Amino acid sequence: MNWLTDPNAPLGKGNAGMDQARVGIETGQDYEDCRYLLGTPADNIPVMLPPSYRKLAADPRVGLPDGHLWKQKLPEW
């Protein structure tokens, strides 16, 4: 959502190139081979997202949807 909410993007114009059109593999790379976590309550699983996602989650331009548990307090990662 960061690319979508860029305040410097011209209104009504696409502002993301193909390099930003998809989430890169490095975003979920740490979750690879973690099938053993299936069925585990989410609050018992460590957050393995890139550190930059923490900043995006707290950014009012990007943020989290209403009602998201992390809006109360972001977990550490």
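Tutor: Let us start with exposure: buried means under 20% relative accessible area, exposed means over 50%, and partly exposed lies in between, using a 1.4 Å probe and protein chains only. This is a predicted model, in which local features need pLDDT of at least 70 and side-chain atom pairs count only at pLDDT 80 or more, while totals for chains, interfaces and linings use all residues. Residues are numbered from 1 along each chain as its sequence is written, and side-chain values use heavy atoms, with hydrogens and water left out.

Student: Is Trp70 buried, exposed or partly exposed?
Tutor: Trp70 has 24% relative accessibility, so it counts as partly exposed. Trp77 is also partly exposed, at 23%.

Student: How do I read an aromatic pair, and how many are there?
Tutor: Rings of Phe, Tyr and Trp (its six-membered ring) pair if their centres lie within 6.5 Å; planes under 30 degrees apart count as stacked, over 60 as edge-to-face and the rest as tilted. The rule gives one aromatic pair here. Trp70 and Trp77 have ring centres 5.4 Å apart and planes at 35°, so the pair is tilted.

Student: Where does Trp77 sit in the chain?
Tutor: Helices (H or I, at least four residues) and strands (E, at least two) are DSSP runs, numbered from the N terminus. Trp77 belongs to the segment after helix 2.

Student: Which residue lies over the face of Trp77?
Tutor: A charge sits over a ring if NZ of Lys or CZ of Arg is within 6 Å of the ring centre and within 35 degrees of the ring normal. Here Arg54 takes that place, at 5.6 Å from the ring centre of Trp77.

Student: How many salt bridges are there?
Tutor: Side chains of opposite charge can pair when their charged atoms come close. The rule for a salt bridge asks for a side-chain nitrogen of Lys or Arg within 4 Å of a carboxyl oxygen of Asp or Glu. That gives three salt bridges.
Tutor: In one of them, Arg54 pairs with Glu76, with the closest N and O atoms 3.6 Å apart. This pair links distant parts of the chain, 22 residues apart: Arg54 is in helix 2 (52-58) and Glu76 in the segment after it. Arg54 is partly exposed at 23%, whereas Glu76 is exposed at 65%.
Tutor: Asp66 and Lys71 form another, at 3.5 Å from N to O. Asp66 is exposed at 73%, and Lys71 is partly exposed at 46%.
Tutor: Arg35 and Asp33 also meet in a salt bridge, at 3.9 Å. Arg35 is exposed at 65%, and Asp33 is exposed at 56%.

Student: What is the phi of Asp33, and where is this residue found?
Tutor: Asp33 has a positive phi of about 65° although it is not a glycine. Asp33 is found in the loop between helix 1 (25-28) and helix 2.

Student: Which residues line the second largest pocket?
Tutor: Rolling a probe the size of a water molecule over the atoms shows where empty space is left. On a 1 Å grid over the protein atoms alone, a pocket is an open set of points where a 1.4 Å probe fits, with protein on both sides within 12 Å along at least five of seven lines; lining residues have an atom within 4 Å of a point. Among those lining the second largest pocket are Tyr31, Ile45, Trp70, Lys73 and Glu76.
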